[in-house]
Amino acid sequence: MALEDKIDGAKDQVAGKAKEVEGKVTGDETREAEGKAQGLLGKAKDAFGDVKDAAEDVVEDIKEKFDKYSSVPLAQLVRADGS
C-alpha cells in the first residue's frame, strides 16, 4: 500500500536525520554517513509511494472507463467511417 511506503519513508527520513546530527555532534563520520544514507532511503520510499499512488489512479480510471463502455454495443463505439 502506498500509504505504508510513505510512512516508512518518513520514519527513515527522521531516523536518518537524527543519526546524521548525532554523527556531526560526536564527530563520527560513519554515523553521519549512515544517517544521510537512511534519509535518502526514506526519500526513495516516499517517491515510490507517490508512483504507486499514480499507478493506482490510472488503474482505477481504466476500470471506470471499462465499466462505462462495457455495456455499450460495439456498433455505437465505432464510427460509421470505420475510424
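The covering of the buried residues of α2 includes α1 (2–26). The model is a predicted one.

**Exercise 1.** Determine which residues of α2 are buried and what span the helix has.

*Solution.* Step 1: helix α2 comprises residues 29–70. Step 2: its 42 residues reach 61 Å from the first C-alpha to the last, close to the 62 Å expected at 1.5 Å a residue. Step 3: the buried residues of α2 are Glu32, Gly35, Gln38, Gly39, Gly42 and Gly49.

**Exercise 2.** Classify Gly35 as buried or exposed, and list its contacts beyond four places in sequence.

*Solution.* Step 1: the relative accessible area of Gly35 is 1%. Step 2: buried means under 20%, so Gly35 is buried. Step 3: with neighbours within four places in sequence set aside, Gly35 contacts Gly16, Lys17, Lys19 and Glu20. Step 4: Asp12 is 23 residues from Gly35 in sequence, and their C-alpha atoms are 9.0 Å apart.

**Exercise 3.** Repeat the analysis for Gln38.

*Solution.* Step 1: Gln38 lies in α2. Step 2: Gln38 has a relative accessibility of 16% and therefore counts as buried. Step 3: apart from neighbours within four places in sequence, Gln38 is in contact with Asp12, Gln13, Ala15, Gly16 and Lys19.

**Exercise 4.** Identify the residue that caps the N-terminal end of α2.

*Solution.* Step 1: a side-chain oxygen of Asp28 lies 3.1 Å from the backbone nitrogen of Thr30. Step 2: Asp28 is the residue that caps this end of α2.

Note on methods
Residues numbered from 1 in each chain as written. Predicted model: local features only at pLDDT ≥ 70, side-chain atom pairs only at ≥ 80, totals over all residues. Heavy atoms only, no water. Helix = DSSP H or I, 4+ residues; strand = E, 2+ residues; numbered from the N terminus. Buried < 20%, exposed > 50% of the residue type's maximum accessible area, 1.4 Å probe, protein only. Contact = heavy atoms within 4.5 Å. Expected span 1.5 Å × (residues − 1). Polar contact = N/O pair within 3.5 Å; in protein donor to acceptor, adjacent residues only side chain to side chain.
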